[in-house]
Amino acid sequence: MQIQELKLLNFRNYDKVQITFAPHLNIIYGKNGSGKTNLVEAIYVLALTRSFKQVNDKTLIRNTTNLTKIEGTIKNKYQNTYKVILTPEGKKVKIDNNKITKISDYISKINIVLFNPNDLKMIKDTPSIRRKYLNIAISQLNVSYLRQLNTYNKLIKTRNAYLKKMYLNGNSLKSYLDVITEKLVDVGLEIYNSRKEYIALLNSFIGNIYEKIARAGNLKVNYQSDFDLKTKEELLAIYQKNLSKDLTFGKTNLGVHHDDLEFTLDNLALKDYGSEGQQKNAVISWKFSEIAIIRKEKEITPILILDDLLSELDVEKIENIFTFIDKEIQTFITTTEIEKVTSLLVNSDYKKICVSNGKLEEV
């Protein structure tokens with residue numbers, strides 16, 4: 001899979017841009033604040049309709065304008081044009097100028113794997129952040145997964161609201177709560193099974209990749225869930241047992257919305273016992289495992305973005321990482337240190353793109 005051409009209108013600090021990319025390596029360089037990350041962010045938004053940063057879509061629209069367009073020509077088995085249009089009122093997506101009514105039908109068409117320095121917080125951060133990374137990874141494989149997540153989140157909101165109503169009004173029908181709970185368990189089990197299968201796939205790759213990058217250690221990811229190894233009947237009984245607690249707190253205390261991931265290195269929790277370098281290597285191993293899984297499951301190669309990699313890793317680790325980038329992987333590397341990157345790619349063909357104040361120059 002390759003993005004051949006990208007067109008931007010009013011995206012971040014870009015006014016109007018049209019640029020073509022090399023099929024293998026693209027090095028995007030310039031000073032800090034020039035717009036390097038904005039350019040790869042646009043590619044990411046084209047694929048997943050949202051930024052990899054924790055920002056509102058409205059912030060992607062250039063100041064003093066009220067509309068942003070991101071358009072890309074993607075070559076896979078066929079060549080298609082994808083478009084994301086953002087306005088203060090919302091977003092629209094199109095494929096070959098045909099409007100796609102559901103975002104979930106658009107996502108998974110363009111597969112992308114991104115490394116950004118903020119990803120290094122993945123291991124130390126909260127369970128919700130780890131679930132976010134897991135959800136993004138699975139949604140690129142499974143079209144129905146996003147719909148299941150949306151349904152589950154709506155059911156959680158409905159159940160929590162009704163719990164509060166029941167607590168305040170003893171006359172509320174418990175039978176209605178039972179219907180919501182059963183639907184919640186059904187959808188939750190679908191999500192649980194998808195996550196469990198994905199982590200099993202991940203573990204078939206991540207240990208070997210980590211060893212090649214770090215030269216030592218056995219990395220594994222453990223999936224932790226309230227639903228683990230439980231039947232629907234067992235879960236319904238647990239929800240019934242926990243009802244008084246749920247009523248007291250006015251929220252659902254059990255479910256896949258509490259799932260978490262634990263990274264272990266040589267059977268020790270990486271969050272507690274791993275060095276910062278080991279944690280970085282683990283996150284990068286996760287990313288390259290994503291590529292391997294997409295290749296295996298969809299028989300395509302995703303687009304890879306390495307945003308500001310040099311600022312976080314030493315040269316030896318970067319050289320090890322570059323060994324995973326074969327000619328089938330279209331890769332985008334952003335950097336402020338163009339000489340250092342090119343010195344590591346002496347035997348590779350690449351395209352250089354200089355960014356300066358929202359302007360692009362192909363070198």
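1. Strand β1 (residues 2-11) pairs with strand β4 (residues 68-75) in the antiparallel sense, over seven bridges. Within this pair, L9 has K69 of β4 as its bridge partner. Here two strands count as paired if DSSP finds at least two bridges between them. Helices (H or I, at least four residues) and strands (E, at least two) are DSSP runs, numbered from the N terminus.

2. The structure is a predicted model, in which local features need pLDDT of at least 70 and side-chain atom pairs count only at pLDDT 80 or more, while totals for chains, interfaces and linings use all residues. Residues are numbered from 1 along each chain as its sequence is written, and side-chain values use heavy atoms, with hydrogens and water left out.

3. β1 also pairs with strand β2 (residues 14-20), again in the antiparallel sense, over six bridges. In this pairing K7 stands opposite Q18 of β2. The two strands form a hairpin with two residues between them. In the turn, R12 has a positive phi of about 50 degrees.

4. Axes are lines fitted to C-alpha atoms, for helices over the stretch in contact, and angles run from 0 to 180 degrees between N-to-C directions.

5. Within that sheet, strand β3 (residues 25-29) runs parallel to strand β14 (residues 350-356), and five bridges join them. Y29 has C354 of β14 as its bridge partner.

6. Helix α3 (residues 127-139) packs with helix α4 (residues 143-168) at an angle of about 140 degrees, their axes being 7 Å apart. The two helices are therefore oblique to each other; angles under 35 degrees count as roughly parallel, over 145 as roughly antiparallel, 65 to 115 as roughly perpendicular and the rest as oblique. N135, I138 and S139 of α3 and Y145, L146 and L149 of α4 make the contact, where contact means heavy atoms within 4.5 Å. These residues divide into four nonpolar, two polar and no charged. Ala, Val, Leu, Ile, Met, Phe, Trp, Tyr, Cys and Pro count as nonpolar, Asp, Glu, Lys and Arg as charged, and the others, Gly among them, as polar.

7. Helix α5 (residues 174-214) and helix α10 (residues 315-322) pack at about 135 degrees, with their axes 8 Å apart. α5 and α10 are therefore oblique to each other. K212, I213 and A214 of α5 meet K317, N320 and I321 of α10. By class, the residues of this contact are three nonpolar, one polar and two charged.

8. A search of the whole structure finds one cavity of 30 Å³ or more. A cavity is a set of points, on a 1 Å grid over the protein atoms alone, where a 1.4 Å probe fits but cannot get out, and lining residues have an atom within 4 Å of a point. Grid points are joined across faces, edges and corners, and a volume is the space filled by probe spheres set on the points. The largest cavity holds about 30 Å³ of space.

9. A137, Q140, L141, Y198, E290, I293 and I294 line the largest cavity. The largest share of this lining, three residues, comes from α9. The lining has five nonpolar, one polar and one charged residues.

Key. On a 1 Å grid over the protein atoms alone, a cavity is a set of points where a 1.4 Å probe fits but cannot get out, and a pocket is an open set with protein on both sides within 12 Å along at least five of seven lines; lining residues have an atom within 4 Å of a point.
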